[in-house]
Every structure is written in C-alpha cells, then in structure tokens.
Amino acid sequence: MKCCRVKPVSNRLIKKSSYVNGDWINYEGLNAFAVLNPANQSCVAEVASASPADAVLAVDAADQALPSWRAKTAKQRAELLMVWFKLIVNNRDQLAELLTAEQGKPLAEAKSEVDYAASYIEWFAEEAKRVYGDTIPSPANDKRVIVIKQAVGVVSAITPWNFPLAMITRKAAPALAAGCTFVVKASEETPLSALALAELAGEAGIPAGVFNVLVSEQSVEVGEVLVTDPRIGKFSFTGSTAVGKILLKKTADTVKKTSMELGGNAPFIVFDDADIDQAVAGLMLSKYRNAGQTCVCTNRVLVQAGIYDTFLEKLVLAVNKLEVGAGDAAQTDIGPLINAKAVKTVNRKVEQAVEQGAKLLSGGSMSSLGECFYPPSVLSEVESHMAIAQEEIFGPVTAVLRFETEGEAIAMANATRAGLAAYFYTQNLSRIWRVSEALEYGMVGINEAAISNPAAPFGGVKESGMGREGSKYGLDDYLEIKYLCLGGIEQNISSSERQY
Ligand code: SIN
C-alpha cells in the first residue's frame, strides 16, 4: 500500500480494506487509493482497492451464508439487527466524524444521518416478524390456495457518496430482515463509512458472509460482477438515472429483481394562499440539506405570481444567513461539495442560466474557501426551457420560476421524465387533494419538506426508478411470493364420519 502524505484521522472505525466473509481482505500487494477530505483535500485514510475477483469471493460468501441465515427465525435475525442498530447509535460520534471527513457534510447533518441510517435497521428488525402470507378462497373445493413469502436470495447493491451510511442500511436492513444475504459496493468517494458499518456488523455478531462490503477504484469492473452473477437474485441501486439505465440493462440477462432509486427534478410549488414563512423554511431544508446533494432536494421552485416578489425577498434573506465552511466547524450550514468537478458543473449551470436570462440574486461565483466550495445561490426569472430547470442541479442553488394558475403549475411540475419527490405549499384543502393527485411523483410533501423516514415508502415513478425503500413495501422488495396449491382434499366422506 502507498502511504498518505498527511497523517490520517485517528478513529477506531477506520478500516483499510473490503469486508468479505466476516473478515478484512488481505491488502498486502493491492492497489490503494486515498480518501480525501473535500474541505481541505487532506488524506483521511488510504484504502485497498478490491478487484473483480474479490467481488466474486464476496458473492461466494453471501451464497454460502444464505441457507443458514434464511433458516434463522425472524426473531433471531431481528435480535442480531437490533444489536447492530445499538452499536451504530453508541458509535454515533465516531461515525459522524468519519462521515464529515470523507463526505463534507456539516457534523450536525452527519449525526442526523447516523440516526437516519440506524433507524432503518431498527425499523426493519421490528418488521422482520411481520412477513405475513395469505390464504385465498379457492375456486375448487378440493384445493386450498396459500401464499407464503420467502427471501429473494443473495442481494447485491451499489450505493452513492451523498448518504454513505443511510443508503446502505436502507437496502441492507430489509434484505437481512427478510433472510437475504448482502454484498454492497460502496462509493469510492466515501468508503470509510461503509467499512465502519461492516466493523459494527461484525461486532454485532452478524454471521460471516451475511453482510459484505466492497470498496474499489475499479468501480465498473466490480459493479459488473454485482449485476451479472447468476447467483444474485436481486440488485438494488441508488445513483444517477444515466448509470441506473446501464445497470438495469445488465441485470436483464439473469432476470434479477431490481430496485432503482435514481435521479429527481423536484418541483417545490408555492401557491398564493401558502403560509410564506413556512414555505421559505421548508425550502431551506429541502434545498440546502447536504449542500443540495440529495435526489429529493428541490430543483425548481415554482412561485405563484401574487406572492413572487415577497417570497423571493424572504428567501434571499434566509439564504444570505447561511454559513459556508468545513463540515467540522461548529457554525457551518453548508459544507463543501463532494469534489471540484461537482463545483465546476454547478457553476457552469448557473452561468448558463444567467446567459439565458435568469437573474442572480445571491451567490453564484466560485468560493474563495477552496476548490470544493460553492456558495448558496438564488436565481430568479428562471424558465422551464433552461437547463437549470431541466437537469438535476445537485448543488446549493435555488432556481425560482413564476406561474399564474394551478393548471400551469401542474403542467410545469410534470414536464420532466423524472418523478421522485415533489413539494407544494397551500392552505386550501381542496387544492391539497387536487394537486397531490395530479403530481406525477412517487413522493409528495404537502406543507412539509422533511419527507424521508423509515416507515415511509421512498421511491420514484417514471425515470426516477422502481421499487420502494423503507416501510412494509420496502420489505416486500426483498421477498418472493410463493403460491402453494394444496390439492386432493376429499369432500365425500360417510355421513357417520361427517358429524359437523
Ligand atoms: C438520496 O438522496 O438518494 C436520499 C435522500 C433521503 O433519503 O432523504
């Protein structure tokens, strides 16, 4: 392994290589890659890059561990998951510190992500005991129709850098609860959080091979194993729509079940009759969480003409109060973006919007804090045809559009191939129903911007993906339905026997 130029952060949860079959793979002789802190480009740690052969070993391990894991009772699996949950909660500070160091988000947000990640494990541990089947009235008297649900088998997953803990537990917890075994390739930008989760899974007593984590610079080659190996029954992905489409095609050859949580283009509609302060507060949360780097972040703010100017005034005031800085500084609201490339992409989108006629009301230039920082920005007079309104921004930029009527707002909101999250603010109950039903989105926040939690089905429609994560629907995605037909039930018995 190469050595870091900068002394690594000291944290007992820092691990140096992938976790396969209950152990850390031997990293001697493997290529290593540096995990950089986006706030200052220092090296947090160096991690060995797993090879495609290591990915095959991880699938071997998951395949071998499957029979005994799925044979455990739901209660036994739930008990182990609860131990894992508690260890994550007990190690909250260390996990959050690592998360901020490699991902950049403010420490307070990192702590909430630890809680959020742990909440999926707790929720699915409880739900593991409620995998109910069904009996169906039979069309023939000599038959009985019974439905049972069984684990899909080995599950593979590829997870992103924006929620390095929660996007893993949101997949692993229902998989393990259902009786599946699991192999995840974590993002190479944020491998340390994933490896820390693996350490705690081991400490919790999750058996070898049940939960495996691969970290690698050979993303494509390792990913290829996870979407093509015929022993894998289900593949789950969170990431961009473009990559999701490629992966989805690859899973087709072995007809895997898939869950795809892809990109969004969330509209945030503010009607004339909204509580404007409540809407501004909701927008700040939905837009600037994780510096705008979530799939459910507001992408387009549609404001009705009657309140347009007042809304903008209040919004700019709120945005100008945001503190930008390193995630571990106490006052920071907005940390760095994940890398310099992301900053350039966001900046290009803003410049292009201004060239096309949008007005810059706040922010909008490269930050002097470092190459990964971008200031929170506000653009008004944005129009639907502009790239900034059509593409996912994935940065701390609010693009505000104007509309006149409810019908126009719905048409603008739905004019996209994405369909993940939408938000709207109004005090009119009839409008709440009309607009909720008309929006072509998997999730709708009504006078509410914090929509993510383990009890709710997270997922999108159209090109934002398929399947749901969280909730009882999220568990179903890791279960196969098996129909049992019990036949030959004799009806003709002697009258002396039939005394009922
Ligand atoms: C995501 O950005 O993919 C997840 C966001 C969330 O869970 O709220």
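Author: Here is a walk from the overall layout down to the ligand and its contacts. Keep in mind that this is a predicted model.

The protein splits into domain 1 (19-262 + 460-483) and domain 2 (266-446). In the contact between them, domain 1 puts in 25 residues and domain 2 puts in 30 residues. Taken over C-alpha atoms, the centres of domain 1 and domain 2 are 31 Å apart.

Now for the ligand itself. You'll find the ligand in the largest cavity. Both domains have a hand in its shell: domain 1 and domain 2 each supply at least three residues. Sorted by class, that shell holds 6 nonpolar, 4 polar and 3 charged residues. There are 13 residues around the ligand in total, and the ones that come nearest are Tyr116, Arg170, Arg289, Cys295 and Ser452.

Tyr116 has a polar side-chain atom 2.6 Å from an oxygen atom of the ligand. For Ser452, an N or O atom of the side chain likewise lies 2.6 Å from a ligand oxygen. Asn162 also takes part, with a polar side-chain atom 3.2 Å from an oxygen atom of the ligand. As for how covered the ligand is, on its own it would expose 260 Å², and the protein buries 100% of that.

Technical notes. Residues are numbered from 1 along each chain as its sequence is written. This is a predicted model: local features need pLDDT of at least 70, side-chain atom pairs count only at pLDDT 80 or more; totals for chains, interfaces and linings use all residues. Side-chain values use heavy atoms; hydrogens and water are left out. A residue is near a molecule or strand if one of its heavy atoms lies within 4 Å of it. A polar contact is a pair of N or O atoms within 3.5 Å; within protein, one must be able to donate a hydrogen and the other to accept it, and residues adjacent in sequence count only if both atoms are side-chain atoms. Accessible areas come from the Shrake-Rupley method with a 1.4 Å probe; for residues, only the protein chains shown count as cover. On a 1 Å grid over the protein atoms alone, a cavity is a set of points where a 1.4 Å probe fits but cannot get out, and a pocket is an open set with protein on both sides within 12 Å along at least five of seven lines; lining residues have an atom within 4 Å of a point. A molecule sits in a cavity or pocket if more than half of its atoms lie within 2 Å of its grid points. Ala, Val, Leu, Ile, Met, Phe, Trp, Tyr, Cys and Pro count as nonpolar, Asp, Glu, Lys and Arg as charged, and the others, Gly among them, as polar. Domain bounds come from an automatic or database domain assignment. Contact means heavy atoms within 4.5 Å.
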